[in-house]
Amino acid sequence: MTTGDSMHRGGSESTRGPSLGRTVSEGILGAHAGVDARAGDIVVCRADLILGTDGSTPMAIQYFEAMGGKAVPDPERVLLARDHYSPPTSPSTRRFHARMESFAAEYGVELLPVGGGISFQVAMETGRVIPGDLVVGADSHTVTCGAMGAFATGIGSADLAAALLTGKVWLKVPESMRVVLDGELPRGVGAKDVALEVVREVGSDGAAYRAIEFVGPAADALPLEERMVLSNMSAEMGAKAGIFPVESDPAAHFADELRVDCSALNPLVALPHQPANGVPVTDVVGTPIDWVFLGTCAGGRAHDFRDALEALDAGGGIAADVTMVVTPPSPRVRAALEADGTLRRLAAHGAVITETGCGPCCGTSDPVPPPDARIISTANRNFRARMGEASAAIHLASPATCAAAATAGRIVDPREVV
Amino acid sequence: MTSEIRGRARRLGERVNTDYIISSSRKKETLDPHVLKRWLLEEVHPDFATSVEPNDILVADEAFGCGSAMEVAVTVVLAAGIKAVVAKSFSRTYFRNAINNGLIPVECDTSDIGEGDLIALRLGEGGVVVLNEATGSKIQARSLPPFTLEILQAGGLVPYMRTHGGYPEEAT
Ligand code: SF4
């Protein structure tokens, strides 16, 4: 079915016709709907992977039951995670988990345990996402799986219920924009800095309703783990997907293009309370910091924690009066950091190591920062009250910049520490 | 299908995020929108919850429903008796969750609409028109794709699935 090409067609009319190229989104969504899909069309697609979290699945189960759901036809395509309330801290959140347990048992779908990691990161790490896949998840950062060349997008709880019931999802085929990453990353500048720069340039809603294709020499040079950071933060631009294409079709119609010269980049810090508030770290050196958070789906790969440890070692450890909280986002990352001693050494510096999962990223798991905390974090969002404390001020930066700040009790240029 | 909705405009500004619609700290204890509606828009409009009346229409500027994708930010609006939101633009997730729950999202220039204006929304295959009875102006809104109209007409994805048992067959 392709209904309705009436909305958001804008200038894309000229892209109709089999002779012209396709964006990756048009290609993947068309293949999963069995039609020639073009930007603006509404298509119903069969999903390869359906993800749910403890933030969204309890409500989806209510919808599923209200829809008259009696079976999940594709249980092997479903993965549910207990990542946000890890561990649960209240009777109601324990009830949410119990609800998910009975649902998973009844319908034969996989439910990760508490400490089992963040839904889409675990999906990536366990090889469940391959290029060309359609991944839908009831978590806005499902877009992270776009790093693999998949079309991955966030859906709501009603969508999740319908996907559990039918294996399918309705989607509007988005227009696409290209982000061309030119040049080479200088020493001391990482994928998080590139992501903060792209978010700053595009703006909080700059990619709304659109898919991003990341291309160019600096994009090609990024390893998969680093690509995940850019795909992840596509959500902070309002994008529907953030894809590193296996092959980008130059004949496709792109609504917009942004070029970033990576060679000229500095480490960046996003100031409170918007991820798009990025400034070069050199502009904010000296800003007091008393709480540092390492982890999340944005800054949660094993090398991120190793980078941070390197900065801590080089900078002489965590400054007095600074709290550092470390949350591994998946069991695989935790195991790697245990095996090479990174976690033990971070703890020896005085860092608090929490249960695996989202940790304090969105205020759903302890510890919650204290009032007026001046935070620097490897996360992706710094909205007011994001971490459960409205008076806190959250800065976003790379693991190296965060750890360098921990050594000084204020923001410093990480290139002068490591 | 053509249908009309009339109601009083309740004016909000730009970038009303889902946490302003309903604070996520309120949803840790319950997901029931009929309980949560007591705190509807408490951050931006402290007396909103006590002054809202059935058939009121929310009117906002850019990026309505940005921020977290929590679906209670849609169900709590419906629980207060509101059937439509008119805004200059919506976040993708709010737009989608609105359709899936039967809350009508209308995208148009809202500069002309003031607090308390009586407005009428006409929805049909030919498009969506917003009439401001207070000023006499007629605003053409972005039309909704037919499939989303079908979901809205059914009252959301739950009644749609109950009636149809699934998505359209030819889509596979
Ligand atoms: S780590 Fe933070 S951004 Fe990532 S899924 Fe968890 S709460 Fe969301």
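# Ligand shell, sheets and helix packing in a predicted model

Trainee: Which residues surround the ligand?

Mentor: In this predicted model, the shell around the ligand is drawn from chain A. The residues that surround the ligand are A:H84, A:I118, A:D139, A:H141, A:T296, A:C297, A:C358, A:C361, A:C362, A:N380 and A:R386.

Trainee: How do the residues of that shell divide into nonpolar, polar and charged?

Mentor: Because Cys counts as nonpolar and Asp and Arg as charged, A:C297, A:C358, A:C361 and A:C362 of the shell fall into the nonpolar class. The shell around the ligand therefore divides into five nonpolar, four polar and two charged residues.

Trainee: Which strands stand at the edges of the open sheet in chain A?

Mentor: Five strands of chain A form this open sheet, with parallel pairing, in the order β4-β3-β2-β5-β6. Each edge strand pairs on one side only, and these strands are β4 (110–111) and β6 (151–154) of chain A.

Trainee: Which residue in β4(A) does A:L80 stand opposite?

Mentor: Strand β3 (residues 78–81) of chain A runs parallel to β4(A), and two bridges join them. Across this pairing, the residue in β4(A) that stands opposite A:L80 is A:L111.

Trainee: In chain B, which strands of the open sheet have a single partner strand?

Mentor: The sheet of chain B is formed by seven strands in the order β4-β3-β2-β1-β5-β6-β7, and its pairing is mixed. Two of these strands stand at the edges, so one side of each is left without a neighbour in the sheet, and they are β4 (104–107) and β7 (137–141) of chain B.

Trainee: What does the twist of the chain B sheet average from one strand to the next?

Mentor: The sheet concerned is the open one of seven strands in chain B, whose pairing is mixed. From one strand to the next, its twist averages 30 degrees.

Trainee: Which residue in β2(B) stands opposite B:A9?

Mentor: Strand β1 (residues 2–11) of chain B and strand β2 (residues 57–60) of chain B run parallel and are joined by three bridges. In β2(B), the residue opposite B:A9 is B:I57.

Trainee: Is α4(B) parallel or oblique to α5(B)?

Mentor: Helix α4 (residues 72–79) of chain B packs against helix α5 (residues 92–101) of chain B at an angle of about 50 degrees, and their axes are 9 Å apart. Since angles under 35 degrees count as roughly parallel and 65 to 115 as roughly perpendicular, that angle makes α4(B) relative to α5(B) oblique.

Trainee: Is the crossing of α4(B) and α5(B) left-handed or right-handed, and which residues make the contact?

Mentor: The crossing of these two helices is right-handed. The contact is made by B:A73, B:V74, B:T75, B:V77 and B:L78 of α4(B) together with B:Y94, B:N97, B:A98 and B:N101 of α5(B).

Trainee: Which residues make the contact between α5(B) and α6(B)?

Mentor: α5(B) and helix α6 (residues 146–154) of chain B pack at an angle of about 50 degrees, with 7 Å between their axes. That angle makes α5(B) oblique to α6(B). From α6(B) come B:T148, B:I151 and B:L152, and from α5(B) come B:A98, B:I99 and B:N100.

Trainee: Are α6(B) and α7(B) roughly parallel or roughly perpendicular to each other?

Mentor: α6(B) and helix α7 (residues 157–164) of chain B have axes 7 Å apart and pack at an angle of about 90 degrees. In the contact, B:F147, B:E150, B:I151 and B:A154 of α6(B) meet B:L157, B:P159 and B:Y160 of α7(B). By class, this contact has six nonpolar, no polar and one charged residues. Given their angle, the two helices are therefore roughly perpendicular.

How values were computed. Residues are numbered from 1 along each chain as its sequence is written. Chains are lettered from A and ligands numbered from 1 in the order in which they are written. This is a predicted model: local features need pLDDT of at least 70, side-chain atom pairs count only at pLDDT 80 or more; totals for chains, interfaces and linings use all residues. Side-chain values use heavy atoms; hydrogens and water are left out. A residue is near a molecule or strand if one of its heavy atoms lies within 4 Å of it. Axes are lines fitted to C-alpha atoms, for helices over the stretch in contact, and angles run from 0 to 180 degrees between N-to-C directions. Helices (H or I, at least four residues) and strands (E, at least two) are DSSP runs, numbered from the N terminus. Angles under 35 degrees count as roughly parallel, over 145 as roughly antiparallel, 65 to 115 as roughly perpendicular and the rest as oblique. A crossing is left-handed if the near helix is turned anticlockwise from the far one by less than a right angle, and right-handed if clockwise. Contact means heavy atoms within 4.5 Å. Two strands pair if DSSP finds at least two bridges between them.
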